[in-house]
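Please work through the following exercises with the sequence and the structure at hand, and try each task before reading its solution.

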Amino acid sequence: QVQLVESGGGLVQPGGSLRLSCRASGSIFSLSAMGWYRQAPGKQRELVAGITSVGTTNTNYADSVKGRFTISSDNAKNTVTVALQMNSLIPEDTAVYYCNARTFSGMSYWGKGTLVTVSS
């Protein structure tokens, strides 16, 4: 089992910045990849940014956030924390952001989600 705890999110003006954090605990040795997804009202959930191999710097980003968002990870003894630094935010970034973790066996875990609202 893997537990995910998200933090960050909130209301920010266009052009502003926010930082999301997701801490994974439990069977972290089984993790193969982690990432952030988002779901805007009336739209499907989409990948924002991911670490394709936990413990490496291999990352991928949605075209819409390249150059503005940065994903990073910090691996401690019993936890893995993945952060999403979001800069130059635009109203189209408004969504509920979800942390996701996948294991080598194909299990997928989701956080509860955190709301990001970009509005003046």
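**Exercise 1.** Which residue in strand 11 does Val96 stand opposite?

Solution. The model is a predicted one, in which local features need pLDDT of at least 70, side-chain atom pairs count only at pLDDT 80 or more, and totals for chains, interfaces and linings use all residues. Residues are numbered from 1 along each chain as its sequence is written, and side-chain values use heavy atoms, with hydrogens and water left out. Strands are DSSP runs of E with at least two residues, numbered from the N terminus, and two of them pair if DSSP finds at least two bridges between them. Strand 9 pairs with strand 11 (residues 114–118) in the antiparallel sense over three bridges, and the residue opposite Val96 is Leu115.

**Exercise 2.** Find the residues that stand opposite Asn100.

Solution. Begin with strand 4 (residues 31–39), which runs antiparallel to strand 9 and is joined to it by eight bridges; here Gly35 faces Asn100. Next take strand 10 (residues 108–110), also antiparallel to strand 9, with three bridges, where Trp110 stands opposite Asn100.

**Exercise 3.** Explain why strand 9 counts as largely enclosed by the rest of the structure.

Solution. Buried means under 20% relative accessible area, exposed over 50%, and partly exposed in between (1.4 Å probe, protein chains only). Seven of the nine residues of strand 9 are buried, and therefore the strand is largely enclosed. Ser88, in the loop between strand 8 (79–86) and strand 9 (95–103), is partly exposed because its relative accessibility is 41%.

How values were computed
Helix = DSSP H or I, 4+ residues; strand = E, 2+ residues; numbered from the N terminus.
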